[in-house]
Amino acid sequence: LVTRLKFSLIGYRMRLLIAAAMFVVSIALVLLGFAQRTIWAPPATVSMSVEVKTSSPFTVIPHSTLALHPGTPKVSVSGSTSGVFVSSGREADIQAFVGKTPSALVSLSKKKTDLEVSQQFGVAAGFSPVDSDLWRAQAMGAGSASLTTSTADQAAVLIASNGLKPAPSQVEIVWPIFHDLTWSNLMLISGFVILLAAIILASWHFGQRRRLRGPRRRLPKAPSGPKYKVRSKARFAPARGRRAAGRRAMLIPASLATIALLSGCAVGQSRVAPTSSPTSSAVEVAPPVVTAVQLNRILGEVAFAAKQADESNNKKFLSPRFTGPALNLRTVHYYLRSKSDKIAALPAIVAKPLSFSLPAATTAWPRNVMAVTDEPGDAALPQLIVLQQKSPRENYQVWYTVRLMPGAKIPAVPAAETGAIPVDAKSLFLKVPPLSLPATYGDVINKGESSLSAQLFDTSNDEFYKQVSSSQAEQVKNLKNGKIAFTHKIGDANVVALSTSQAGALVAVYMTDTYLIRPTKVGTAVGVSGQEALILGANGSTKGVRSIYGNMLLFFVPALSESAKIRLIGVTQGLVSVRGL
């Protein structure tokens, strides 16, 4: 009984001691948590400003300057009476746009405490940077402008007025400081939990102590008969010796260990320094020429220009965004619609939904992008748009608009975030060099299975091949008093080829089909009708007629080492010209 009382007293005292320790630890954790949010909190922002005292039309803030502090910087510019322009883009693109034009470079000073401006000399004239396709974002204002830009993907900032006059003089960069409240939240939560546990433990302690202090009355014992006295066995005897003392002594250290454990959890776990994992030597890979944001904006402007031109049948609306075969075929179609209201309108060019995009991965010019958009409705087929940017100071223009054939499948290609490697138009690593595709494919159309190149092409599901080859054969068969010749050749040397994931290439090429018809008998003439008559301005010619059709084609060309065949994926055909001989 005495021993039990001693253990009870020790237990009561330990509970009180543990409750007091938990209370102290909880208060400490709560105070530390609030201190991290208040007196120990970092400033909300870090700002650096500089005055640009140069007459250069451009000021460049490189990526290294924007990345001086973590976070997303906000660039504020003022001090120009000719307007203020701020844009963000890849640093290499900005440097290419500036070129040999004089510019100012904002960088960290040698003391590493503020910003300084260095002059970059040049001899070229300035150029307006407004609405360039190189920019990921831009902002303009009459006297001031500000732009929040991400530092990802080597982002930099270009500052100008109108590209000709001196750039604004006042530049300020503000970085918002991110304050991580993870440890503060952990301390506050742990502190309140431990405080609640301390209150519960203290309440239990005082409640038991109050019950032990209550009145104890001695009740009279009932008479009992004689009891059988059992001899004590060794296992029921009180423990003696050093081992028993050790077991009893473990009660106190175990309780103290609880305090140490709680306090250790409250103060915080020790951080293990991350070890740098071994990495292979980095291979410099060119980035994709456009981001998703840039491509969506470009396609939106292309679709808007095409809509204006289609509604008014006026090619002047196409000039900023269309060139090459795409502009040529659309211009001829507008002429036909001006001659006859029976000519159906061309399929609309839409920007959304964007179902496929493949930008080239390069830092050089010209730059190419392929994108597939799908006009709403089941009647229209998806359309592949091929865009090209000739130089840094020019915008992307549409070179090809190719309607995908029913059931056609585009092969696996690299992700848009990675980009595709451009393929040379004379590459000998493909089944057929891209530049030779029109002549080779045209030979197959003319000769069919007897062509030496017939085994290179998959014509089993090629509806364009079937229709054109059968149409040619029918014309030869039905032509009685005349002679017809068919010629298929490349119509434009600007062939766009981008690599696929399987060592092949997607090739966009322009092929022209020339139909030359001459009468073989005196007194006979070659008659034309429909669209050909509208362009010729007559119903025929006594000497003959030359008609030229343009075909914007999209091929998948496998690698030379592959067993797969060349497949035609899409085609857009239009009448280009008709003239008498």
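**Close-up views of a predicted model**

**View 1. Helices H9 and H10.** The axes of helix H9 (residues 437-447) and helix H10 (residues 463-478) come within 8 Å and cross at roughly 55°. Tyr 441, Val 444, Ile 445 and Asn 446 of H9 make the contact with Phe 464, Tyr 465, Val 468, Ser 469 and Gln 472 of H10, where contact means heavy atoms within 4.5 Å. Helices are DSSP runs (H or I) of at least four residues, and strands (E) of at least two, numbered from the N terminus.

The model is predicted: local features need pLDDT of at least 70 and side-chain atom pairs pLDDT 80 or more, while totals for chains, interfaces and linings use all residues. Residues are numbered from 1 along each chain as its sequence is written, and side-chain values use heavy atoms, without hydrogens and water.

**View 2. Helix H8 and its surroundings.** The buried residues of H8 (residues 324-339) include Pro 325, Leu 329, Arg 330 and Tyr 334; buried means under 20% relative accessible area with a 1.4 Å probe, protein chains only. Among the elements covering these buried residues are helix H7 (292-312), strand S14 (397-403) and strand S17 (505-519).

**View 3. Val 289 in a loop.** Val 289 lies in the loop between helix H6 (251-267) and H7, and is buried, with a relative accessible area of 2%. Val 289 and Thr 363 are 74 residues apart in sequence and 7.2 Å apart in space, C-alpha to C-alpha. Beyond neighbours within four places in sequence, the contacts of Val 289 include Gln 294, Pro 359, Arg 367 and Tyr 396.

Notes:
Axes are lines fitted to C-alpha atoms, for helices over the stretch in contact, and angles run from 0 to 180 degrees between N-to-C directions. The expected span of a helix is 1.5 Å times one less than its number of residues. Buried means under 20% relative accessible area, exposed over 50%, partly exposed in between (1.4 Å probe, protein chains only).
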